[in-house]
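Reader: I am new to reading structures. Could you walk me through this one?

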Amino acid sequence: KSIDAIFKGLGKLYFGTCADQNRLTVTANAEVIAADFGQVTPENSGKWDTIEATQGKFNFAGLDYLVNWAQTNNKLVRGHTTVWYSQLPSWVSAINNKATLTTVIQNHVTTEIGRYAGKVLQWDVVNEMFDESGGLRTSVFSTVLGEDFVRIAFEAARKADPAAKLFINDYNTVEKGVSYAKTTGMIKYVTKWVAAGIPIDGIGAQAHLMAGESKNVAASLSALCAVVSQCALTEVDIVNAAAAEYVQTVKACVDIPNCVGVTVWGVRDPDSWRASNNPLLFNSGYSTKPAYSALIATLGAL
Ligand code: G3I
């Protein structure tokens with residue numbers, strides 16, 4: 001049984017990974033995804049600098065490829081990501097009035113999410129909007145619109161695809177401990193926004209872990225999951241792919257009823273954004289690593 005099949009047997013929706021056309025056209029890589037994973041997240045093709053590098057000129061080639069591949073291969077898709085301070089074209093960063101930025105966000109979100117309506121399970125509507133002290137990260141969005149950009153983005157997303165679950169995604173929210181300011185800040189803001197009727201369905205915790213951090217995941221993730229209807233680990237990778245740390249991290253999601261799935265951020269080590277850490281489940285020859293076997297052994301026995 002694959003990890004994805006075991007995950008589904010445990011009541012989860014998927015065990016996924018990220019990819020894009022450059023990975024899906026490598027036969028060995030595509031075969032691993034087809035066999036072991038149930039969901040694909042576009043690693044880069046859904047980002048603003050790819051989708052709308054020039055205002056109003058949309059480039060969906062890469063994201064179309066991934067979504068079509070997913071449909072052909074019967075995989076779910078996590079959409080990533082519409083509103084993010086990084087990979088943001090300079091024409092967006094240069095906007096300095098509220099009305100313009102509101103329309104620009106609405107048009108971007110509506111066009112991207114609307115194109116794939118009915119084909120994407122979850123969207124990271126807003127990515128990495130908090131700073132380490134739990135406040136709003138300084139970006140063109142927060143500077144021009146304050147926290148209102150969150151409502152603008154999520155309302156447009158809901159209209160564009162009423163079936164998709166809408167996520168707010170961030171890092172260093174399960175890594176540092178349940179009292180870490182960014183974790184408590186995210187909880188405080190999301191609780192307030194959900195109460196105010198902003199259509200946020202889920203919290204995504206990226207979980208790019210350093211050594212020794214997996215012990216913090218369970219408590220932090222439960223605290224985050226408690227304030228939304230769904231949650232997920234969205235970009236897992238762990239220094240040296242320590243098997244015990246992988247098991248502890250993934251098990252945290254398994255143990256939380258509304259944690260719907262885990263996504264690891266890539267298939268094989270050399271393709272990782274942090275390749276020097278060898279943080280993934282497959283080695284350069286696409287063979288499984290000890291963390292993979294440990295996951296199968298532990299989860300398969302549940
Ligand atoms: O495609 C160009 C290529 O044409 C060019 O020659 C080359 C030279 O640098 O760059 C290529 O683009 C790179 C792209 O990855 C595709 O490989 C960008 O420079 C590089 O910045 C980009 O890095 C991505 C990074 O996000 C920034 O968008 C990583 O692949 C991706 O894994 C990483 O993922 C992020 C999540 O989206 C959000 N959370 C953190 C996570 C890790 O940083």
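Author: Gladly! The chain has 13 helices and nine strands, where helices (H or I, at least four residues) and strands (E, at least two) are DSSP runs numbered from the N terminus. This is a predicted model, so local features need pLDDT of at least 70 and side-chain atom pairs count only at pLDDT 80 or more, while totals for chains, interfaces and linings use all residues. Residues are numbered from 1 along each chain as its sequence is written.

Reader: What is the mean pLDDT of the chain?

Author: pLDDT is the predictor's confidence in each residue, from 0 to 100. Here the mean is 98, and 100% of the residues reach 70 or more.

Reader: How many of the residues count as buried?

Author: A residue is buried if 20 or more other C-beta atoms, placed from the backbone, lie within 10 Å of its own. Of the 302 residues, 48% pass that test.

Reader: Which residues of H12 are buried?

Author: Helix H12 covers residues 243-254. Its buried residues are Glu-245, Tyr-246, Thr-249, Val-250, Ala-252 and Cys-253. They line one face of the helix, because seen down the axis of H12 they fall within an arc of 145°, an arc of the directions from the helix axis to the C-beta atoms. In general, an α-helix has 3.6 residues a turn, so residues three or four places apart point the same way.

Reader: What covers the buried residues of H12?

Author: Look for contacts, meaning C-beta atoms, placed from the backbone, within 7 Å. The cover includes strands E7 (208-209), E8 (230-238) and E9 (259-264), along with helices H11 (217-225) and H13 (290-300).

Definitions and conventions:
Buried ≥ 20, exposed ≤ 12 C-beta atoms within 10 Å, placed from the backbone. Expected span 1.5 Å × (residues − 1). Contact = placed C-beta atoms within 7 Å.
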